[in-house]
Amino acid sequence: LASIPNLLDDRVPDGEDDTENEVVSTWGDPSDLPRELGWPSDFEAKWHDDVAGGLDGWKAENAVAMSGARFVALAGPVAR
């Protein structure tokens, strides 16, 4: 199994790398989320990897050592 690559859906356009990704659809406005959820007006969103890293649960280096690039391992409460 280790030699089988991740297979893409046939509808995914070819590209050199992830910088050539095409946005197919979006929904909602991220800036509306704090108001809709009743969060403070100074709420600042973070990327999921920043949140997990702050909890010492984002182990990208470990995952690269085990499986190669573009994977991540989760640990501790983040993995639960």
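Me: What does R11 form with D9, and how far apart are the closest N and O atoms?

Reply: In this predicted model, R11 forms a salt bridge with D9, and the closest N and O atoms of the two residues are 2.9 Å apart.

Me: Are those two buried or exposed?

Reply: R11 is exposed, with a relative accessible area of 73%, whereas D9 has a relative accessibility of 38% and counts as partly exposed.

Me: Why would side chains like that pair up?

Reply: As a general point, side chains that carry opposite charge can pair when their charged atoms come close.

Me: How many salt bridges are there in the whole structure?

Reply: A search of the whole structure finds three salt bridges, and the pair of R11 and D9 is one of them.

Me: Okay, which residue does D32 pair with?

Reply: D32 forms a salt bridge with R35, where the closest N and O atoms are 3.7 Å apart. That distance counts as a salt bridge because the cut-off is within 4 Å.

Me: And how accessible are D32 and R35?

Reply: D32 is partly exposed, at a relative accessible area of 25%, while R35 has 60% relative accessibility and counts as exposed.

Me: What about D56, which residue is its partner?

Reply: The partner of D56 is K59, and in this salt bridge the closest N and O atoms lie 3.0 Å apart. D56 is exposed, with a relative accessible area of 55%, but K59 is partly exposed, with a value of 21%.

Me: Why isn't K59 called buried, at 21%?

Reply: K59 has a relative accessible area of 21%, and buried means under 20%, so K59 falls into the partly exposed class.

Me: Switching to D14, where is that one found?

Reply: D14 is found in the segment that comes before helix 1, which covers 33–37, and D14 is exposed, with a relative accessible area of 81%.

Me: How far apart are D14 and D56?

Reply: Along the sequence D14 and D56 are 42 residues apart, and in space they are 35 Å apart from C-alpha to C-alpha.

Me: New topic: how many aromatic pairs are there?

Reply: The count comes to one aromatic pair. This pair is formed by W39 and F43, with 4.6 Å from centre to centre and 45 degrees between the planes, and it is tilted.

Note on methods
Residues numbered from 1 in each chain as written. Predicted model: local features only at pLDDT ≥ 70, side-chain atom pairs only at ≥ 80, totals over all residues. Heavy atoms only, no water. Salt bridge = Lys/Arg side-chain N within 4 Å of Asp/Glu carboxyl O. Buried < 20%, exposed > 50% of the residue type's maximum accessible area, 1.4 Å probe, protein only. Helix = DSSP H or I, 4+ residues; strand = E, 2+ residues; numbered from the N terminus. Phe/Tyr/Trp six-rings, centres within 6.5 Å; stacked < 30°, edge-to-face > 60°.
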